[in-house]
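I opened the notebook to look over one protein model. My plan was to go from the overall fold to single residues.

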Amino acid sequence: MTAASVRVAAGPALALRTLASEMAKGLRLMWVRRATLVMASVTLAMMYLMIEFFVGGGHINHAVLAATLPALFAYAVAATVALQGSGGVAEEINGGTMEQAQLSPARPTLLVLGRLGAVTAEGLVPAIALVAIFWAGFGVHYTLRPEALVPVLLTIADAAAYGLLMIALTLIVSSTGALMDVFNMVVMFFGGVFVPGTAFPHGVEVFARFVPTTLGVVVLNGTLAGRGLGTAWANGTLPWLLVHTAVLAAAGWAAYIYGLRRALRSGRLNPL
């Protein structure tokens, strides 16, 4: 038996209340599983240190650390949004609550936006903590300017769009575990966590520009190195970052709407 939901016109008050309740639910779940979040952050920190020691030939190369730390931030957000967003949807499908939620007068898009906001906030917690620890611990030098917030916000938006696409795949594909691992490893490697993206051969570097968060890391590294956004605009990285974020968000949005409608028609939201 599938849900047959009746939509009513959702005013601003209902929209805000729906977004707030979904985000609050997600943040409460984050607090409940805080131990898991801490362990995942520690594991990522140890992996990053091992990579940096390997790349530096047994010691930390501060230049490489400065170039890859923004990529670590971006990956921590993207991986958390993808894993927790997809996992949360899978749990609700298995528990039957995903189908029940479609009976709400609020549009499904409001529900997923609230969910996406919560998991993005959850991803920012380890991302900010890890950057702060490595930044202070190794004395990394950056040129901090207010304009650096532009690539930071765009990178977060790009990571959230990637997470939305993974949530959509959870509705479309029966099992996304293996796909998630592959996609996250692609984001980690080509996003510049192992080595800076500028160290790739030209062909690989071009391919990497299509991977989520890579362009954001490139622009962010430029601003942190003292080059302004004007340079990023002139060399094309900032315009392509805007395009990449918009296209990825549109693709994730369309895939989610398609996947939800298909699941409702086929009864896939019902665990029975």
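My entries on this predicted model follow.

**Overall fold**

I started with the secondary structure. I counted 11 helices and 0 strands in the protein. Reading along the sequence, I noted the pattern α-α-α-α-α-α-α-α-α-α-α. Next I looked up burial. Of the 272 residues in the protein, 47% are buried.

**Cavity**

How many cavities of 30 Å³ or more does a search of the whole structure find? I got 1. I noted a volume of about 40 Å³ for the largest cavity.

Then I listed the lining. Phe190, Gly197, Phe200, Glu205, Ala208, Arg209, Thr214 and Val218 line this cavity. I sorted these residues by class and got 4 nonpolar, 2 polar and 2 charged.

Which helices each supply at least two residues of the lining? I found helix H8, residues 202–208, and helix H9, residues 214–224.

**Threonine 213**

I stayed in this part of the chain and turned to the loop between H8 and H9, where threonine 213 lies. I checked the backbone of threonine 213. Its phi is near 75°, a positive value in a residue other than glycine.

Is threonine 213 buried or exposed? I read a relative accessible area of 2%. The cut-off for buried is under 20%, so threonine 213 counts as buried.

**Surface patch and methionine 46**

I moved to the surface. There I found a nonpolar patch formed by Val38, Val42 and Met46. Together these residues have about 260 Å² of accessible area.

I placed methionine 46 in helix H2, residues 34–55. Its relative accessible area is 48%. Exposed needs over 50%, so methionine 46 counts as partly exposed.

**Leucine 83**

My last stop was leucine 83, in helix H3, residues 62–95. I read 45% relative accessibility for leucine 83. That value lies between the cut-offs of 20% and 50%, so leucine 83 is partly exposed.

How far apart are leucine 83 and threonine 176, in sequence and in space? I noted 93 residues in sequence. In space, C-alpha to C-alpha, leucine 83 and threonine 176 are 10.0 Å apart.

Terms used:
Residues are numbered from 1 along each chain as its sequence is written. This is a predicted model: local features need pLDDT of at least 70, side-chain atom pairs count only at pLDDT 80 or more; totals for chains, interfaces and linings use all residues. Side-chain values use heavy atoms; hydrogens and water are left out. On a 1 Å grid over the protein atoms alone, a cavity is a set of points where a 1.4 Å probe fits but cannot get out, and a pocket is an open set with protein on both sides within 12 Å along at least five of seven lines; lining residues have an atom within 4 Å of a point. Grid points are joined across faces, edges and corners, and a volume is the space filled by probe spheres set on the points. Helices (H or I, at least four residues) and strands (E, at least two) are DSSP runs, numbered from the N terminus. Ala, Val, Leu, Ile, Met, Phe, Trp, Tyr, Cys and Pro count as nonpolar, Asp, Glu, Lys and Arg as charged, and the others, Gly among them, as polar. Patches are made of residues with over 30% relative accessible area and no salt bridge: like charges are joined within 9 Å, nonpolar side chains (Val, Leu, Ile, Met, Phe, Trp, Tyr) within 5 Å. Accessible areas come from the Shrake-Rupley method with a 1.4 Å probe; for residues, only the protein chains shown count as cover. A salt bridge is a side-chain nitrogen of Lys or Arg within 4 Å of a carboxyl oxygen of Asp or Glu. Buried means under 20% relative accessible area, exposed over 50%, partly exposed in between (1.4 Å probe, protein chains only).
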